[in-house]
2 protein chains.
Amino acid sequence: MAVTMHDVARAAGVSLKTVSNVLNDYEFIRDSTRAKVQKAIEELGYEANLTARSLRSGKTRMLGLVLSDLSVPYYAELASRLMTVASEAGYRVLVEQSNAGAANELAALHGPFRQLTDGLLFTPLALDADTIDARRGSKPLVMLGEHILDPRFDLVTMKNKEAAQAITAHLLAGGRRRIAVLGADAVDDADSPGLRLVGYRAALESAGVAFDPALVVPCEWRRDGGAAAVAALHSREVEFDAVFGLNDAVALGAMHELLVRGVKVPEDVAVAGFDDIDEASYSSPSLTTVSPGMDEIAKRSLQLLLDRINGKEAAPDGVHIESDFTLKIRSSAP
Amino acid sequence: MAVTMHDVARAAGVSLKTVSNVLNDYEFIRDSTRAKVQKAIEELGYEANLTARSLRSGKTRMLGLVLSDLSVPYYAELASRLMTVASEAGYRVLVEQSNAGAANELAALHGPFRQLTDGLLFTPLALDADTIDARRGSKPLVMLGEHILDPRFDLVTMKNKEAAQAITAHLLAGGRRRIAVLGADAVDDADSPGLRLVGYRAALESAGVAFDPALVVPCEWRRDGGAAAVAALHSREVEFDAVFGLNDAVALGAMHELLVRGVKVPEDVAVAGFDDIDEASYSSPSLTTVSPGMDEIAKRSLQLLLDRINGKEAAPDGVHIESDFTLKIRSSAP
DNA sequence: CTGAAAGCGCTTACAG
DNA sequence: CTGAAAGCGCTTACAG
């Protein structure tokens, strides 16, 4: 049996409430009383029972993080940073992997997972805004990423269009004219791929280069997706002098496939990505990409969520935070 | 206010205990009673309060996972698999990052983190066996990795020595004679680096190749560590025709640095790693490495922990599980 | 500034 | 097979 507040109260010769007051930093306690209680806590090695505290207070001091798959480097790096920031604020992060499945996303939105957390950082990939709004529950919910862009929600996003436009402009400035885009459907939508494609087209237009739908190849946002997309371009005999992978994994997979096929990077084909995961600095050649400001995203999304939890942010509509980006020019597209 | 068991009991016209029996799949309930209760649960949308259940039962159905840094690909991939396996067993995984610091490891071993979990998967890097044993607490604890090899603990390890020996033998069979080892001190100890170094030396000996301490370069097990180690070898003008990075990150960082310096891989220098992270298949050239059986490690370590929690594994001494390895021969060292 | 009491929502002996 | 009661260890009004 663990030591309880009762034991501490008895040892210190005070009531339960007084122990509670000391534990919760209540202001008006006589110094002598506080000292007695703290001495008893030390001597008995008392540790507050978090479960009991949660049951009574209704707060768990855990935050939920829903993402598709923790083994995806971008998510792993984001989760790691979020945990660090959360821990400084006295919170833990409980991760739930959705595998981008609607059923899993729905399950994370209420049910046990939600119950265990005081607020949710949610990267939706399958559900739409109305579905989420209908089941959002009463606890704070902050959306990460671009799948949902709806003023009803708190959103933390990156400047997808502007960043994609900037990196495409960089490729164009390097003399590239046939820039393949890997990871988007030719259909424009408001999702991350769609927004990045819009940026790509805007850059082409500014440079007076015609858009060729044959250069747009849909694929999974993974290394093998990028590799398969390059293979598809080759088998269709589409010519290109640059590749813009809509995330780093796609770009790195594409680069691998190009090099395997004897294509020189960047001499024959320049390669650019998006995310600036750690690996991008250490690939060979190192990968030109966009840094979407992951530190800023981690810090500000967590702060927003905590402000909602503590009632410090009271805007009735959603707050929209957009992180800044920077171009990382490396060897794959100098 | 959420719906409680009281509400369900009232709606179904039964007692609290009966509702509890239905929820906990107690055998001897009349079908008609069970049906009544289930109907009430459905209609009211009742969900059990996990915090209350935990307080009463002393079980949280959460498992702790302590590792140095979730943004390290090997740990991210392991955590992802563990979460998937745990979730199938009805458990969640709470991750704690230690940054390989003794204070953090100690804090994870008891205190709030331990309280929140029914058992711990622990990757110690800083603490020694005696310190851990003194504070291990009463809840199940399974050690991952080789830092602690002590029969007092349940251990899940990989065949470090044998695997390192096998991959070194592969490099030797390819005609390499000056194989640099990155990521070990020249001192043999029983830790992962030490064991892998022992395997390396055993392979040299079998092949009748003399061991040269100048080829052993200590470094952090990260991409930048591998890169720095290659730079150090070059500045010391040590000649070598192969690199064995003691994990994939080191090998990939080393390969990057070699290519940047105009060294051809594998023509001039062959490169091999250890771990078989996803990235190893997609680097350029793709990385020859050892797959330590991460799926097996995830499954068996979790099973062992659950068996301890449920009292199914009662061996008084620690159980030692060793996963099998396979060589992955790729382009960096064919 | 401190105390006595109630109650968060469950599970678990104990009866019957 | 089911019920009434106690209690897990806290926090929170309510008094004083």
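## A helix pair in chain A

Let's start with two helices: the axes of α2(A) and α3(A), the latter covering residues 31–44, come within 10 Å and cross at roughly 90°. Axes here are lines fitted to C-alpha atoms, for helices over the stretch in contact, with angles running from 0 to 180 degrees between N-to-C directions. α2(A) and α3(A) are therefore roughly perpendicular to each other (65 to 115 degrees; under 35 counts as roughly parallel, over 145 as roughly antiparallel, and the rest as oblique). Helices (H or I, at least four residues) and strands (E, at least two) are DSSP runs, numbered from the N terminus.

On the α2(A) side, A:T18, A:V19 and A:V22 make the contact, and α3(A) brings A:T33, A:R34, A:V37 and A:Q38. Two residues are in contact if their C-beta atoms, placed from the backbone, lie within 7 Å.

## About the model

This is a predicted model, in which local features need pLDDT of at least 70 and side-chain atom pairs count only at pLDDT 80 or more, while totals for chains, interfaces and linings use all residues. Residues are numbered from 1 along each chain as its sequence is written, and chains are lettered from A and ligands numbered from 1 in the order in which they are written.

A residue is near a strand if its C-beta atom, placed from the backbone, lies within 6 Å of it. Around DNA strand C there are 28 residues, of which A:S15, A:T33, B:M5, B:N49 and B:A52 come nearest. Elements giving two or more residues to this surface are α2 (16–23) and α4 (50–57) in chain A, along with α2 (16–23) and α4 (50–57) in chain B. The largest share, five residues, comes from α4(B).

DNA strand D also has 28 residues around it, with A:M5, A:N49, A:A52, B:S15 and B:T33 nearest.

## Where the chains meet

Across the interface, 35 residues of chain A are in contact with 35 residues of chain B. On the chain A side, α4, α5 (73–88), β2 (92–97), α7 (111–115) and α12 (248–260) each give two or more residues. α5(A) gives the most, with seven.

## Domains of chain A

Chain A is divided into domain 1 (5–48), domain 2 (62–158 + 294–324) and domain 3 (160–291); these bounds come from an automatic or database domain assignment. The C-alpha centres of domain 1 and domain 2 of chain A lie 37 Å apart.
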